[in-house]
Amino acid sequence: ALVLGLNGYVAATGDYKTRNDIENFFHSKMDGNGWKIKPTESDHSILGYALLDAHFIDHSKYRKAMDETYQMILSLKGADGTVAYKMHNSDYRFVDTIGFICPFLVNYGLKFNIPEAVNLAIKQITEYQKYGMMDNENIPCHTYNVYTKIPTGLFGWGRGIGWFVIGLIDSWKALSNEHPHNKVLEDMIIKTARSVLKLQHEKG
């Protein structure tokens, strides 16, 4: 996530030194077989997303590492077609996972022409929209059970809302206006914003 912030800084300023530092950072994490330390958990996907978000990098050089991240995500996929947060919590879907994996999946799928990756991200988001939200507001709970479809844990957990919104907006941002999933995500963003703004304190 820090690298994502630095990518934004480079995009805004063109700072060559920071750009070079980011490239050197990713180079240090790789060898001829992809990642030196292999991704094993869903939150490891964020580093892959940060790499794909660095538009000044030749992503084809890191294809093996991106494929490894994608395969790790697929290893966490359940019978319902969505991805678990961790294998030992496979009966539940955590809202955190929307932010962890979906921006990576959409960007990876578009970059390397793997529509199944994009579709997996959209399914992860839309299933959470279906089963993990308050009845009257578009506010996510912490988890839902994949078998009962019952939401569990806190509604309105601030960090959970943050992960949901990051996953939703960064996935939408990567899609072209003509993409069939663009409008679906856009409508969810508007609905979520209207619900969240009701909870905003006077000081912001």
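**Burial and aromatic pairs in a predicted model**

Of the 204 residues in the protein chain, 46% are buried (under 20% relative accessible area, with exposed over 50% and partly exposed in between; 1.4 Å probe, protein chains only). The model is predicted: local features need pLDDT of at least 70, side-chain atom pairs count only at pLDDT 80 or more, and totals for chains, interfaces and linings use all residues. Numbering runs from 1 along each chain as its sequence is written, and side-chain values use heavy atoms, with hydrogens and water left out.

Reader: How many helices and strands does the protein chain have?
Author: Helices (H or I, at least four residues) and strands (E, at least two) are DSSP runs, numbered from the N terminus. Along the sequence the pattern reads α-α-β-β-α-α-β-α-α-β-β-α-α. That comes to eight helices and five strands.

Reader: What is the radius of gyration of the protein chain?
Author: The radius is taken over C-alpha atoms, and the globule rule is 2.2 Å times the number of residues to the power 0.38. For 204 residues the rule gives 17 Å, and the chain comes close to that, so it is as compact as a globular protein of that length. Its radius of gyration is 17 Å.

Reader: Among contacts between residues at least 6 apart in sequence, what percentage join residues at least 24 apart?
Author: A contact means heavy atoms within 4.5 Å. In the protein chain, the share joining residues at least 24 apart is 61%.

Reader: Are the rings of tyrosine 85 and phenylalanine 100 stacked, edge-to-face or tilted?
Author: Rings of Phe, Tyr and Trp (its six-membered ring) pair if their centres lie within 6.5 Å; planes under 30 degrees apart count as stacked, over 60 as edge-to-face and the rest as tilted. The search of the whole structure finds nine aromatic pairs. Here the centres lie 5.9 Å apart and the planes stand at 35°, so the pair is tilted.

Reader: Where do tyrosine 85 and phenylalanine 100 lie?
Author: The pair links distant parts of the chain, 15 residues apart. Tyrosine 85 is buried, at 18% relative accessible area. Phenylalanine 100 is buried too, at 6%. Tyrosine 85 sits in the loop between α4 (63–75) and β3 (92–94), and phenylalanine 100 in helix α5 (residues 96–111).

Reader: In which helix is tryptophan 163, which pairs with phenylalanine 100?
Author: The ring centres of phenylalanine 100 and tryptophan 163 are 4.7 Å apart with planes at 75°, so this pair is edge-to-face. The two residues are 63 residues apart. Phenylalanine 100 belongs to helix α5, and tryptophan 163 to helix α7 (residues 158–174).
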